[in-house]
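Please keep the sequence and the structure in view while reading.

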Amino acid sequence: MGLRQCVLGLLVLVVSDHVYCAKPKARGFQPRMLGSQLREPWKAVQSPYGVQSPRPQLAPLAPNLAASSIQSKEELLGPVRELTWKFPEVPAEPEQPDINFELQQPRPSDSVAVQCWENGVHVEVKQDFFGTGQLVEPSLLTLGGCGVVDVDAAARVLVFQSALQECGSELVATEEELVYIFTLDYRPAALQSTPIVRSSGATIGLECHYPRRQNVSSNDLEPAWIPYVSTKVAEDILVFSLKIMTDEWTFERPSNVFFLGDVLNIQASVKQYNHVPLRVFVDNCVATAGTDVSSAPMYYFIENHGCLTDAKYTGSMSSFLPRVQDDKLQFQLEAFRFQQENSGAIYITCLLKATAASSSQIDEDHKSCSFRGNGWVSSDGSDPMMVQTLESLSGCVRHVCSFEESVSFDAIRSLPSCILRVLKDTFQHCKDSEVMYSGRLSLVGDLLQGLFKEAYSLQKGLMELLDKINLEDTASEEEVSDIVTVIHSLLDICSVISRLDIALHANTWKFIIKQSVKYQSLVEDRLHHTDIAFLLCEDLYTSVQNCLELAQQIQQAGLQEVVHCPEYKLFQKATKMCRFFANTLVHYTKEFKPFLAKSCCRFHQLFLQIHSKFPPSVFAQSVPSALSEELRVAVLVPMDAMLTQLLSFQPFAESVLDPEHKCNTELCLPQCLLLVNVLGKLSSQPEEALQLWSDGSQFSEETPRWSVFEAVLQSFRQCMLERAVPVLLPGVMLRGQAQGRVSLHQHVCVHLCACVAVLPAQHFPPLERSLLAAVLQADTQTAVLATDVWCFLARYGTAELCFHHVLLIAHLIKSCPGEGYQLFHLALLLRRLLFLMTPKHQVEFVERFPPAQEENLCVWCHILLRCLSVEARMQVEEEVLAGASVVLQEWQNSGYGMGHIPRLNRILGCVLMLMGGSNLQAEFVVSSVKIISQLWSRISSYQVQVHPPLQCTVKLLLSISAFLIKSVEPHVIVQAVSCLSGLTLQKCPDDLLLAALEFLASMGKVFISADNQCQVLPRISGLFNGLLTHPSWLILHHVLEAFGLFAEITNHEEVISTTLTSEEIKTKVLNFLSKTVSYQESEEARLERLKEWRRIIEKHCEQMESENSSPVDTPLTEEPCPKRARQETKVEEEYERYLQTAESALKALQAIVGPDHSPSPPQWVSTRLQVLQTLITQINTTTVEQP
């Protein structure tokens, strides 16, 4: 039967706006009758049709229709006789019911993020700019004329950075703010060689504020021509239609308005009525901006007799859907607009063909194909043909396998490559079927299942065939190249089938590894080892994630009998795959380790990723412990064997010990545990491996790497979150029994010490350097860990080694420029090492650093006296107290000048050190009390408040007084308490507050006489009352401890009642004493809080280290503060000293002449007081009269 064809048209209106959506008015459309005169050629019928879009406007398409492609008129050449039959009436079209259709409005896409910095702006823009899935070209986006500075390919984010005054910024000043305004511009370009775009231009305003102080009518056009009655028969009636359908393809779409990013569902059909069954094809389609199909611009999106080329030209998802009826053909087209057209109207004109369905064949003139991936896919049922092709190839493979004699590879050289290409495309087709067939997958499900089974069978037969073939070592170059190609082709198939079938995936990997090892000597230098290792790592990690997801589902389901549930069987299968991939990776690493240098970074990352999925990681998913342990055994045991294999491999060591390697927060603990695991394995490794890990990089030509000791300590420092939680790990075995759960600190310390115990002496220098570096860094917990290991090293080594270390630390303390974290950490190490010295070496240490020499006082003020032997202790006590007396006398002789205060503080620090000794001799106690009594009489609270050196003096005096409180005279206690009450404690340094609390707590040990109670007890109450409202929670905790200790042992209970004056303070104290928790924090909230604290502490440590590393004489970059503390002159100091002495004497006299005092004072006291009053009046008068 002859071909029937018709030209139909649609009008599409595409409007886009990403800030707001403008709805053009719908333009009415009525089908136009073609020329009524029979002798005129048929004209193309076009139907207006509109699209509204939130993206750039798109343009129509128009084909050049050749005259031969249009149905022509027919003429009667002979005489005509009158017809006796009537032309059959065309059946009436059923009326379409009203459907509930709502045009979806575009939603703004959240694709721009802005960070306003102190001197610049940082802008991140998603490449999916409009939120439609279409990625914009980076060159089309500018920030005020400035281009992209960086592209995050993984996240598909474009980064812009600019100074505040650059990139066309505009400054606007208001009363409250300075506002810098930037513009982000997007100007789309035509897609490749086409005149269309699928996005609109957009301009987004960005501001940084800084405080100062068309309508579519898709009505289908049906041919309105009437054939010449003398030659037309009933079965020749053909009615073509081209409609835009709803998303469900059930009805014609009521609205013809689309937004950019929407998809047009277009259905071409032919109504055959009395005709034999027909199959319809879309020969070509063109979009134009007007009704003229030959007008410009035009865009052909279907051409070459049915090839939908839009996806090929523009990368869109436009495609034909699988044909479900011969008389209908459906395709989807992404909305677009013409770049230079603003109307949004698009006219689509298509040429439709119809052929007999029974005889139609898919050929070059009759097809419907879509561009997918890198090739064309037919919508006309190509799957059965593929199944037949696979069956033919399977028959060929079975025939070859049936040969009894061995088959040479050269005889079947072309067969494997051909089959593997077909298999890859087939599996890829099955993998993409859900996207490719959209909502019609159920219609082709059986065909796809048969296709996959046949491909599965074919691959299995091919692998059996290749397994029978053996290549000799003398194989030709072509044969070796062919077997390498086979392995790489199967590797490509593995990447496709990883989520299709578990058994096929595992069998393919088995064959790849088997063939690689079988022909190792031939192919090892030709295989893509990096790709093989990478895919194995990815498959293992993906399998572990799948297992954990199944375990979570089991936990969420709350199943009681886990072992018998179907989900558990799935979990077991997934665990089996994890074990398979882990063992396969171990086997491949063992066989091809020399070729895996480039894969070591991925191996390292895999170790960290997998360990982060298991406890004790705080980021591990919550799953049943039994399932977690089952998976742990399946995965971590092979991974441990792999680690042992890689220890002697230098690229792996360089990756693990890389100083530039920065772990994410969730990988810090896995990195630490990996290094600890390495420490435990080093003792069984050869000397080369031990040197590789222990010594670090030795020469500048080497790749930089830490020693394993430094790496362990650095990784421990990064585990701030895990230390704070804290995480618990299995302890070491003791006498065959597990020690139980231990902290991360203890876990790392034990393994470090165990490694030190078996470490050869030649590797001690890098160990000592690592320990010293850890002591000198800012994190105190890491310094304590290094101190613990150092003490073990000192005890494990010789006494001379310990003495050498003590001398080294003492010299370092003397070289410290001032107070700071380094001095604190070194002092802690020195105190602990002194306990480990022999008495002989302790005496020698005192001789080398005699306390009598003032430059050594900075060392002795940090030492615990009780760590020394009796002989050394006696010598230190004598020299320190003698030196204190000398310094105090010299200060008195100098008129108590402020310049001597630092020197005085150094000797007071040593006196405080003496207080830490046990059984302090009586004469030393008397001497110490005398020293502090003299000093308290010279202290003025006003001067303490403004002079930091005096604050340090008071801090030391308070601590010494707390030790000697029972030996201190009452008037000295009155002076100390009076000084404290005169200070504004809220403004004092924290260390002074802590010393004050230590002194106040010790006051509970003494009974205040009635003469002094009025001067002491109210002030103690006032001090405690003020400190109990301190804003710092840490200081407040110490205040509560001190108050609780005072209240427990004091005889003056009235202080307690006068302190607890408010309900708030009383509640604080009672809750603390009863250990009542007023706020219960959830585990999730606590973890989030600790994460935030981790960032704060890290920033603080980095800031301290940067300040410590800067030179002392760094010039100031900012203007000095204009307000300076007033310096007291010598004359003013004398006035202050004499007035304070007089005030103290008068207060003491007042205490003994009060009305309650008995006996009454003698008569001459009144006379002397009058004389003093006259003297005070004269002094006051003289002071006022001075100019």
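The sections below treat the basis of the model, its disulfides, a strand sheet, aromatic rings and a few single residues.

## Basis of the report

The structure is a predicted model, in which local features need pLDDT of at least 70 and side-chain atom pairs count only at pLDDT 80 or more, while totals for chains, interfaces and linings use all residues. Residues are numbered from 1 along each chain as its sequence is written, and side-chain values use heavy atoms, with hydrogens and water left out.

## Disulfides

A disulfide is defined here as a pair of cysteine sulfur atoms within 2.5 Å. By this rule there are three disulfides. With the bonded cysteines numbered in sequence order, their pairing reads 1-4, 2-3, 5-6. Helices (H or I, at least four residues) and strands (E, at least two) are taken from DSSP runs and numbered from the N terminus. For accessibility, buried means under 20% relative accessible area, exposed means over 50%, and partly exposed lies in between (1.4 Å probe, protein chains only).

Cys116 and Cys208 are joined with their sulfur atoms 2.1 Å apart. The torsion about this S-S bond is about -85 degrees, so the disulfide is left-handed. The link connects distant parts of the chain, since Cys116 belongs to strand 2 (residues 112–116) and Cys208 to strand 10 (residues 202–211), 92 residues apart. Cys116 is partly exposed at 35% relative accessible area, whereas Cys208 is buried at 1%.

The disulfide of Cys146 and Cys167 has an S to S distance of 2.0 Å, and with -110 degrees about the S-S bond this link is left-handed. Cys146 is in the loop between strand 4 and strand 5 (150–152), and Cys167 is in the loop between strand 6 (157–163) and strand 7 (170–173); the pair therefore ties together parts 21 residues apart in sequence. Cys146 is partly exposed, with a relative accessible area of 26%, while Cys167 is buried, with 10%.

Cys285 and Cys350 are bonded with an S to S distance of 1.9 Å. The angle about their S-S bond is 115 degrees, and the link is right-handed. Cys285 is buried at a relative accessible area of 0%, and Cys350 is buried at 0%.

Cys979 counts as buried, at 5% relative accessibility.

Strands pair if DSSP finds at least two bridges between them. Four strands form an open antiparallel sheet in the order 11-13-18-17. Strand 11 (239–245) and strand 17 (319–320) stand at the edges with a single partner strand each, so one side of each has no neighbour in the sheet.

Strand 13 (residues 263–271) pairs with strand 18 in the antiparallel sense over seven bridges. Ile266 stands opposite Phe331 in strand 18.

## Aromatic rings

A pair of aromatic rings is described by the distance of the centres and the angle of the planes. Rings of Phe, Tyr and Trp (its six-membered ring) pair if their centres lie within 6.5 Å; planes under 30 degrees apart count as stacked, over 60 as edge-to-face and the rest as tilted. The structure holds 21 aromatic pairs. One of them is the tilted pair of Tyr299 and Phe301, with 6.5 Å centre to centre and 40 degrees between the planes. Tyr299 is buried at 3% relative accessible area, and Phe301 is buried at 0%.

Tyr299 and Phe336 form an edge-to-face pair, with 5.6 Å between centres and 85 degrees between planes. This pair links distant parts of the chain: Tyr299 is in strand 15 (residues 298–303), and Phe336 is in the loop between strand 18 (328–334) and strand 19 (337–338), 37 residues apart. Phe336 is buried, with a relative accessible area of 3%. Ring pairs join Tyr299, Phe301, Phe320, Phe331, Phe336 and Phe338 into a cluster.

## Charges over rings

A charge sits over a ring if NZ of Lys or CZ of Arg is within 6 Å of the ring centre and within 35 degrees of the ring normal. Arg323 lies over the face of Phe281, at 5.2 Å from the ring centre. Arg1089 lies over the face of Trp1093, at 4.5 Å from the ring centre.
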